[in-house]
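Work through the following exercises with the sequence and the model open beside you, and try each task before reading its solution.

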Amino acid sequence: VVVPSIELKDQISEKFSSWGILRKLGVIREDTPNPTVLTLNKTLKGKDCIEIINSADVVISTPAFIARAQRDVQNSISNCFSHVYFDEAHHVVANEWDVIKNIFKKAKIVQFTATPYRNDRKPIEGKVVYNYPLSQALKDKCFSKISLVTVDERHPKKKDKAIADAAMGRLIEDRSKGWNRHRMMVRASGRADADRLYNDYQEWFPNERIALIHNGIKGKKQITQDIRNGNYDIIVCVDMLKEGFDYPEFKIA
């Protein structure tokens, strides 16, 4: 299984190791043993890696650990897998993803994405074998209703505070109803904005536990784990934190 980020790699590894929701839904029987999962944390080196890979049922990696391996190592593992899954497959046109597709060209390649078009609007190559439209997801009640809170503040230097106050008001209201696991996400378009908003929110809401996370922050893995553990109330991030990041507690954006 090839994924685009460390956070997603750890998330999927955890779910594979217990069959995740599949066992709970009854898709997999209760007495079915859990798979042996190998999570790659460094670039493959030497022929010894073949034995380690063959000892696992599932191998999960970001692209670089395979694509940057020596050619002889790539050749030696080319027949190790019957199936290769690409998660967030709209990335497959990137060089390293393409290298992996060529290494495992004899395997069945399956691509998953909620974004079936690349940034250049070209469709992803391959045959569509399953499509789950948004209309069906709505019928299946996969989504809750979104409550939109409007903020009418025209002054450019006051709008961030007005938005923050409205969001905090909703978070406090949720807590008063007993929804203490609800968390707030503050989404910025870039690092500089995220850094500024982080400082502002710390000043405005000194009693809240606030985290800042983006590509320029050290210790991202620990921060991500602390977010999952519920150690923060407000998370300031760039874009949508991380592609595919699973955190149901985010209720206010």
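## Exercise 1: the surroundings of α1

The buried residues of α1 make contacts (heavy atoms within 4.5 Å) with β1 (37–39), β2, α4, β3 and α10 (220–228). This is a predicted model, in which local features need pLDDT of at least 70, side-chain atom pairs count only at pLDDT 80 or more, and totals for chains, interfaces and linings use all residues. Residues are numbered from 1 along each chain as its sequence is written, and side-chain values use heavy atoms, with hydrogens and water left out.

Task: list the buried residues of α1 and check the span of this helix.

Solution. Step one: with buried taken as under 20% relative accessible area (1.4 Å probe, protein chains only), the list is E7, L8, K9, Q11, I12 and S13. Step three: W19 follows α1 and has a positive phi, near 70°.

## Exercise 2: the cores

Task: describe the largest nonpolar core and the contacts of I100.

Solution. Step one: a nonpolar core joins buried Ala, Val, Leu, Ile, Met, Phe, Trp, Tyr and Cys residues through side-chain atoms within 4.5 Å, and the largest has 25 residues, with L40, L44, I66, I77, F86, I100 and F104 making the most contacts inside it. Step two: leaving aside residues up to four places away in sequence, I100 touches V2, P63, I66, A67 and F86. Step three: apart from this core lies another, of 18 residues, among them A167, M184, F205 and L212.

Methods. Buried < 20%, exposed > 50% of the residue type's maximum accessible area, 1.4 Å probe, protein only. Helix = DSSP H or I, 4+ residues; strand = E, 2+ residues; numbered from the N terminus. Expected span 1.5 Å × (residues − 1).
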